[in-house]
Amino acid sequence: MANPAQPAPGLPASLYQPLSEGDVKQIADAAFRILARSGMAVYSATARRAFEAAGAKLSEDGRTVRLPRSLVEDAVASTPSSVTLFSRDGRCDAVLEANRVHYGTGGTAIYVLDPDTGQRRPSTLADVVLNARIVDVLENVHVFTVNVFPNEIENQDEIDANRFFHALDNTTKHVMGGIYSLKGCRQSVEVAERVAGGAEALRQRPFVSFIALIISPFKIDNRYGEMTCYLAERGLPVVVPTEPICGTTSPITLAGNVLTHVAETLAGITLVQCVRKGAPGICGSVGSITNLRTMDHVAGAIERAMINAAVAQMAQHFQVPLYSTGGTTDAKEVDVQAAYESAMSSLLVAMSGANYIHDIAGLMEFDLTVSYENLGNYYYILGMCQRVLRGIEVNEETLAADLMIEKGPGGHFMAEEHTVRHMRSEFFVPQLANRAKRGSTPPDEDALGRARKVVRKIRASAPQSRLPAALREEILQAFPSIRQV
């Protein structure tokens, strides 16, 4: 699916900045003030000890932790400004730094739109496999954040290792994932260490990373606090995202929501640094707005993209890597709503320079459902985003002023060598789009039909393990809870 016009991952962008320089400073100062005065409710004993040892102040009840500005600023300074999410084959490394942009899946949806029936059904481990296989061949999707939940696995301690193993078995791209238990987290790390050839090898070139949530408003719960500390101690990339929702778990204003994002994720970064100075912590923004009629979370709102773009500016101000959100839709089917919500959000957040935009491929219906056809569509939506970020190259060759003078008034350029040199690289051609004249293509050959063909082609090919056979068998023997698909 290669396109000569498509550049490598990590294009820089600062084309959309919803905040002024004064706004950025005001939000930063307010975040420091909130963390110092009201702090975080911390339910993890390990996290509280780490905070206290670094100089945080514990309340009388021993649960609320107040973080002095100096402590948070020191944590920001010691957080690596560049974190690489390595691919196993080195072909799709995602370097999260400054305003470099990468895209990936995400969401841990609990449903999929079945590729055979088109009907919504609970997701399974087989869907983890199929999503990984599809992402493995989509050039514009740089990271596989495990995007579906295996509903058939009832034991919470078995979920993580199953998700990470089958992801690693079906793609060589970087694998990121949410985690559900400390035991499962430890097992997933051990699986990855076996694949890497040891704990130090994995730490040096981490091809897995983990998501440990901050609970809005201003809580670090026991489970995610313990897992954050464990991952930080091992020196593995850990995302500390927050998901405040306007009007429920944050003030209703966009500014208040951005401030909540910034304060909460800085607290997560501070925890990582309190455990291990220099550990690769990654800020995260996932929040959105509220449907005021139902008080439900809204995924496809343009304000969600604006919020995430603003948080991207804040991350660039602090010079810390960012895990962001974009491309989501509230549509229930792959329809016009899915197209305009997904495309607008993807482009807006990409133009802000957010480092890793997750959820950006295939996620629908309030982040609950993955559509395979929409995942196929996203290859081309993201291709268009990449073309925008690439911009217009201006030099003597591309201006072609001497050629215009040579051809003179009334000349054309169809047969020129200059046209041949640039014709395959200058434009992005979305293969799902219908650019033919009316009546020249079959009536069922629309974009959705072509996306289905992409999915069918991948499904029809024989699955190929991305792990050496002996290593694969060794892992399955060592972890009998990992199910074969």
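Tutor: Helices (H or I, at least four residues) and strands (E, at least two) are DSSP runs, numbered from the N terminus. By that count the protein chain has 17 helices and 21 strands. This is a predicted model, in which local features need pLDDT of at least 70, side-chain atom pairs count only at pLDDT 80 or more, and totals for chains, interfaces and linings use all residues. Residues are numbered from 1 along each chain as its sequence is written, and side-chain values use heavy atoms, with hydrogens and water left out.

Student: What share of the residues of the protein chain counts as buried?

Tutor: Buried means under 20% relative accessible area, exposed over 50%, partly exposed in between (1.4 Å probe, protein chains only). Of the 485 residues, 56% count as buried.

Student: What makes a set of residues a nonpolar core?

Tutor: The members are buried Ala, Val, Leu, Ile, Met, Phe, Trp, Tyr and Cys residues, joined through side-chain atoms within 4.5 Å. The largest such core has 128 residues, and Phe 51, Leu 67 and Tyr 103 are among those with the most contacts inside it. Helix α9 (residues 254–275) gives the most to this core, with 10 residues. Another core, of 12 residues, lies apart from it, and includes Val 83 and Ile 211.

Student: Which residues does Leu 67 touch?

Tutor: Contact means heavy atoms within 4.5 Å. Not counting residues up to four places away in sequence, Leu 67 touches Leu 35, Ala 36, Phe 51, Ala 56, Val 72, Ala 267 and Thr 270.

Student: How do you know that the peptide bond between Ser 216 and Pro 217 is cis?

Tutor: Its omega is about 0 degrees. Pro 217 sits in the loop between β12 (208–211) and β13 (219–220).

Student: Why is Asp 359 called buried?

Tutor: Its relative accessibility is 2%, so Asp 359 counts as buried. Asp 359 also has a positive phi of about 70 degrees although it is not a glycine, and is found in the loop between β19 (356–358) and β20 (363–364).

Student: Is Asp 367 buried or exposed?

Tutor: With a relative accessible area of 11%, Asp 367 is buried. Its phi is positive, near 70 degrees, and its place is in the loop between β20 and β21 (369–371).
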